[in-house]
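Work through the exercises below with the model open. Each task is followed by its solution in steps.

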Amino acid sequence: MHSNWQSVGREWLKRGTDQHLRIAVTGLRQSGKTTLVTALIDALLNWQKARLPMWEVAASGRLLGCEQSRYDLLHIPTFPYPVMREQLANGQWPQATETLNEIRLTIRYQPKGSLRQKLTPHRDLLVDLFDYPGEWLLDLPLLEQSYLQWSDNVRRNLESDPLAEPFLRKLSALDPSSNATDIPIKEITQDYRQYLVTSRKQGGYWLTPGRQLLPGELKDAPVLDFFPWVGKIATNDKQYSKHSCFKVLRQRYDYYRSHIVTPFYKEHFSRFDRQVVLVDVLDALNHGPVAVSQLQKALSEVLKSFNYGRRSLLNRLFSPRVDKVVFAATQADRITMDQYPALSLLIDDLLANAMGRLRFNGIDYQTMVTSAVVATEQGKIQNKPALRGKELSSGQWLNVFPGGVPKEVPEPHFWNTHQFDYPSFSPIATPMGSPMKHMRLDALLEYLIGDKLV
C-alpha cells in the first residue's frame, strides 16, 4: 500500500509540473497504429543510432537517454514492443492489435540554459503511448446516440450498399412486438456480423458496433447479441412489452453502451493530452468512392468524442484535455515524393470539418505526410518518378509508377473515368538495434513533445 501511494504521488507530481504526457495514437483499422507505436519506441530507445535531425533535444545534444518504465495500471497489458520489432526485423508488418495496451517511456534530458543546467542537471519527461484495436474506436460516437439514432445511421449505410440488400430485407420484415424468444436474435446478429466482416474486406469503415468485428474478451457474450432496427416502429413504444423483440434489442444496446463503451472511454480516451490521428487515405482511394466517404464520416464522428482544450494545472490533474493534434497521412512511401504536397492537401480537405472545430476551440494542430517505416526506394524510370519495393501480396520486387494523388476529395463524377491502384509493400528487414528508415518521425516527435523538453 505504501509503495502504491508513493507511485500515485510521483505521477501527480509529474502531472502538476507538466512533465507527463499521455499520447493517443488514433486511427481506424489498418491505419498503421501498431507500426507507428513500434517505430516511435524503437527510435526513442535507440536514439543514438536513429536519424532524428528534426528532434531538437537530440540534435542539440541535450538528450541523455530513454528507457521503458513501469506502468502502474497492472490490469492493462504492456505494449509488446520486442515482439513487434522482431516481426519488422524479419521483414513482416506487426500484427494488428487485438486488445488495448500501453507503454510508458522516460525521456531524460538536459534543460536549456546554463543556469537551469546548474540548478537541475537533468529532467525526466514521462510519455505514455496507448494502442488499441481500430474497430473499438468506432464505438465512441455511440455514447451520444440512442438505439434508434444508431439504427437510423446504420440503416442509411445499409440502404446504399448492394451487399446489404438480403440482410436489409430480413430485418425490415421483423415485427417489433414479437416476443424475443420467438426471434432468432443470435442468428440474425451473426448475419449482421458477417455483413460487417465482408464490408470491411471491401473497404468499409463505418462499421459498428466495433466489438462485433473484434470482440476480445466479449466473445460469445450476450451483450453483443443485438443488431440495428430498420423496420417500422410505433411512435409510442410503451405498447411493446419488455420481452418484445424491439425492447430486448434496445436493452442490449443500452447495456453495451453503458457497461462496455462508457468505461472504456472514461478510463482511457478521456485522459489524453496529445493526439496523433493516422489517416490511410491511399487505401480508401484504392477501394473507391464509398470507402472514401465512409472514412471521412468515421473519422469526423470519432474525433467529436475527444476532449479538446487548452492545458492548465487543474485540467492536467483532474480533467486532461488534448491540446495538440497531428493529422498524419500514413504510408506515404506508397507514392512518389512529388505527390506529398497533394496528399497533405487531400487530408486537409478530407478532415476539414474536424479541423474547423479545432480552430474554433483554439487547438494547435498540424498535417504531416509520414511513414513510420519506409518500405520503398524513390527513383526515376525514363525521367518519371517511380518506386521500387517488394510487393506485399506476391513478394516480388517491383518498379512501379503509383500515379498521382488528388488534392481534394474527388467528386462523384470523377470515379466514372478514374481509379487508383497504390500497391502495398513489405517492410525492409532491419535487424534489432539497427535504425529503421522512417519518414518524418523526428518532426512528429518535435511537434508532439518538443515543447516539454526545454
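**Exercise 1. Find the bridge partner of Val276 in β6.**

Solution. The partner of Val276 in β6 is Val326. Now widen the view to the strands. β5 (residues 274-279) and β6 (residues 324-329) run parallel and are joined by six bridges. Strands here are DSSP runs of E with at least two residues, helices are runs of H or I with at least four, and both are numbered from the N terminus. Two strands pair if DSSP finds at least two bridges between them.

A note on the model: it is predicted, with local features needing pLDDT of at least 70, side-chain atom pairs counting only at pLDDT 80 or more, and totals for chains, interfaces and linings using all residues. Residues are numbered from 1 along each chain as its sequence is written, and side-chain values use heavy atoms, leaving out hydrogens and water.

**Exercise 2. Give the strand order of the open sheet and explain its edges.**

Solution. Seven strands line up as β2-β3-β4-β1-β5-β6-β7, with mixed pairing. β2 (63-69) and β7 (364-369) each have a single partner strand, so one side of each lacks a neighbour in the sheet. Neighbouring strands are turned by 20° against each other on average, direction ignored. Axes are lines fitted to C-alpha atoms, for helices over the stretch in contact; angles run from 0 to 180 degrees between N-to-C directions.

**Exercise 3. Which strands does helix α15 touch?**

Solution. Helix α15 (residues 340-350) packs on the sheet and touches β5, β6 and β7. Contact means heavy atoms within 4.5 Å. The direction of α15 makes about 140° with that of β7.

**Exercise 4. Classify the packing of α8 and α9 by angle.**

Solution. Start with the geometry. α8 (residues 165-172) and α9 (residues 185-201) pack at about 150°, with axes 10 Å apart. That makes α8 roughly antiparallel to α9 (angles under 35 degrees count as roughly parallel, over 145 as roughly antiparallel, 65 to 115 as roughly perpendicular, the rest as oblique). Next, list the residues. Phe167, Lys170 and Leu171 in α8 meet Ile188, Asp191 and Tyr192 in α9.

**Exercise 5. Why is the pair of Tyr132 and Phe269 edge-to-face?**

Solution. The structure holds 24 aromatic pairs. In this one, the ring centres of Tyr132 and Phe269 are 5.1 Å apart and the planes stand at 75°, so the pair is edge-to-face. The cut-offs: rings of Phe, Tyr and Trp (its six-membered ring) pair if their centres lie within 6.5 Å; planes under 30 degrees apart are stacked, over 60 edge-to-face, the rest tilted. Tyr132 is in the loop between β4 and α6 (134-137), and Phe269 is in helix α11 (residues 245-269), 137 residues apart.
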